[in-house]
Amino acid sequence: SLWATANDDLRPVMNGVNFALVDGYLDIVASDGHVLVKSQKSLADKVKMNRCGSFIMPKKVAKILSGIIEPDDYVNIEWNDRKAHIDLFELDIYFRTIEGQYPNYNSIIPEQYAHEVSCQRTVILSALKAVAPFAPDTSQLLSLTFEGEELEVQGEDYDFSLGAEKSISTEGFEGNPLTIGVKSSNMIGILSKISTRDVLLKLNDPSRAIIIEAIDDKNDDEEFTGLLMPMLIND
């Protein structure tokens with residue numbers, strides 16, 4: 001989640017990683033307003049919890065922890081309204097949490113979708129990386145056109161009469177062709193943090209967010225969701 005945090009002096013709560021403990025689940029969330037990533041882990045029967053709550057971890061602390069904590073490490077986390085303590089083996093980490101209320105991230109994740117498209121993660125990631133250099137440097141705009149069992153990724157820089165396109169195979173799309181604009185670095189960032197073979201893209205229309213989920217039948221204890229706000233495509 002760390003890479004999706006913001007650098008916003010006016011909204012400091014967006015500059016950290018939000019930890020929310022609710023009903024046996026731990027949500028780890030970060031967003032800069034254009035992209036949102038949420039990792040939800042089931043903690044039932046695995047940890048001791050005495051109440052629900054949340055805190056916002058500063059970016060610097062999250063960066064340090066991500067470099068020293070291994071996937072199977074067991075940690076103890078305690079926090080109040082102002083500070084937190086993490087007990088990691090013989091290392092005690094203390095830090096001041098970011099004050100303020102994190103936005104209701106669940107409210108911006110659509111509950112219904114017009115289309116659900118699945119594809120291999122490495123295939124779509126390779127297509128994005130291949131076409132991204134041909135997009136405008138300022139906007140990094142790529143167009144994704146879904147039609148039948150094909151997704152066409154296109155980038156074009158009109159200032160230099162430069163462009164490229166690449167098509168890949170997908171499954172599940174039905175209906176009329178749909179074209180959505182995305183920022184290449186954000187979509188590549190989400191896909192790069194997923195480790196599963198396949199991903200699911202949930203779509204509505206060109207003005208609404210794209211949802212990217214990992215498809216993993218083997219791990220029911222963890223769910224990853226990436227939300228990508230669309231960009232305007234000038235015809």
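1. Let's start with Ile-64: its relative accessibility is 45%, so it counts as partly exposed (buried means under 20% relative accessible area, exposed over 50%, partly exposed in between, with a 1.4 Å probe and protein chains only). Ile-64 sits in helix H1, residues 59-68 (helices, H or I with at least four residues, and strands, E with at least two, are DSSP runs numbered from the N terminus).

2. Before going on, some housekeeping. This is a predicted model, where local features need pLDDT of at least 70 and side-chain atom pairs count only at pLDDT 80 or more, while totals for chains, interfaces and linings use all residues. Residues are numbered from 1 along each chain as its sequence is written, and side-chain values use heavy atoms, with hydrogens and water left out.

3. Ile-64 also belongs to a nonpolar surface patch with Ile-68 and Leu-91, together about 240 Å² of accessible area. Patch residues have over 30% relative accessible area and no salt bridge; like charges are joined within 9 Å, nonpolar side chains (Val, Leu, Ile, Met, Phe, Trp, Tyr) within 5 Å. A salt bridge here is a side-chain nitrogen of Lys or Arg within 4 Å of a carboxyl oxygen of Asp or Glu, and areas come from Shrake-Rupley with a 1.4 Å probe, only the protein chains shown counting as cover for residues.

4. Now the sheet: three strands, open, antiparallel, in the order E5-E6-E7 (two strands pair if DSSP finds at least two bridges between them). E5 (76-79) and E7 (91-96) are the edge strands, each pairing on one side only. From one strand to the next, the twist averages 15 degrees.

5. E6 (residues 83-88) and E7 share six bridges, with Lys-83 opposite Arg-96 and Ile-86 opposite Ile-93. Their hairpin has two residues between the strands, and Phe-89 in that turn has a positive phi of about 55 degrees.

6. H1 lies across E6 and E7, at about 160 degrees to E7. Axes are lines fitted to C-alpha atoms, for helices over the stretch in contact, with angles from 0 to 180 degrees between N-to-C directions; contact means heavy atoms within 4.5 Å.

7. Elsewhere, Ser-143 in strand E9 (residues 141-147) counts as buried because its relative accessibility is 13%. Leaving aside neighbours within four places in sequence, its contacts include Glu-152, Thr-179 and Ile-233.

8. Last, Gly-24, in the loop between E1 (16-22) and E2 (25-31), is buried at 16% relative accessible area. Its C-alpha is 6.2 Å from that of Ser-42, 18 residues apart along the chain.
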